[in-house]
Amino acid sequence: ARREASQKGIDVSSVQPTGKTEFGGKDRVVLADVSAVKVLTKMPEAKSSTTPPPALPDSEFHDIEVTSMRATIARRLAEVKQTAPDYSVTMAIKMDAINSFRKELNRYAET
């Protein structure tokens with residue numbers, strides 16, 4: 001189903017899943033789900049050019065060939081960003097009492 005969606009230019013996350021999982025839920029996208037989606041625009045074909053684009057004049061940028069280790073790191077970082085929840089928690093905490101205590105400890109340490 002993923003391969004078919006990729007060929008048709010369909011984002012799999014936007015497809016309504018009807019396939020059953022091993023637990024009986026409907027969470028799997030199957031080939032019939034991808035086939036049922038109308039393609040509004042065709043995905044442009046990727047260019048297979050091995051030559052890098054020309055460098056800008058007076059630029060400090062150096063294009064370095066990606067090693068297999070760096071490619072693996074990039075792939076896994078992208079996978080984590082797409083699959084794991086990413087959120088931040090912020091809260092206000094009154095630190096007046098602990099700051100006073102630290103000042104007292106620092107004065108005690110100086111003597």
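Colleague: Which residues does L31 touch, not counting residues up to four places away in sequence?

Modeller: This is a predicted model, in which local features need pLDDT of at least 70 and side-chain atom pairs count only at pLDDT 80 or more, whereas totals for chains, interfaces and linings use all residues. Residues are numbered from 1 along each chain as its sequence is written, and side-chain values use heavy atoms, with hydrogens and water left out. Contact means heavy atoms within 4.5 Å. With residues up to four places away in sequence not counted, L31 touches A1 and E4.

Colleague: What separation do the C-alpha atoms of L31 and R2 have?

Modeller: L31 belongs to helix 2 (residues 31–36); helices are DSSP runs of H or I with at least four residues, strands are runs of E with at least two, and both are numbered from the N terminus. Along the chain, L31 and R2 are 29 residues apart. Their C-alpha atoms are separated by 8.1 Å.

Colleague: Is D11 buried, exposed or partly exposed?

Modeller: D11 sits in the loop between helix 1 (2–8) and strand 1 (19–20). Buried means under 20% relative accessible area and exposed over 50%, with partly exposed in between (1.4 Å probe, protein chains only). Because its relative accessible area is 48%, D11 is partly exposed.

Colleague: What is the C-alpha to C-alpha distance between D11 and V34?

Modeller: In sequence, D11 and V34 are 23 residues apart. In space, C-alpha to C-alpha, the distance is 9.4 Å.

Colleague: How many residues of helix 3 are buried?

Modeller: Helix 3 has 16 residues and reaches 22 Å from its first C-alpha to its last, close to the 22 Å expected; the expected span is 1.5 Å times one less than the number of residues. Helix 3 lies largely in the open, because the number of its residues that are buried is zero.

Colleague: How far apart are the end C-alpha atoms of helix 4?

Modeller: Helix 4 (residues 96–110) is hardly covered, with a buried count of zero among its 15 residues. At 1.5 Å a residue, those 15 residues should span 21 Å. The end C-alpha atoms agree with this, being apart by 21 Å.

Colleague: What area does the nonpolar surface patch made by M91, I93, M95, I98, F101 and L105 have?

Modeller: One member, M95, lies in the loop between helix 3 (68–83) and helix 4, and it counts as partly exposed because its relative accessibility is 40%. Patch residues have over 30% relative accessible area and no salt bridge, and nonpolar side chains (Val, Leu, Ile, Met, Phe, Trp, Tyr) are joined within 5 Å, like charges within 9 Å. A salt bridge is a side-chain nitrogen of Lys or Arg within 4 Å of a carboxyl oxygen of Asp or Glu. By the Shrake-Rupley method with a 1.4 Å probe, only the protein chains shown counting as cover for residues, the patch has about 620 Å².
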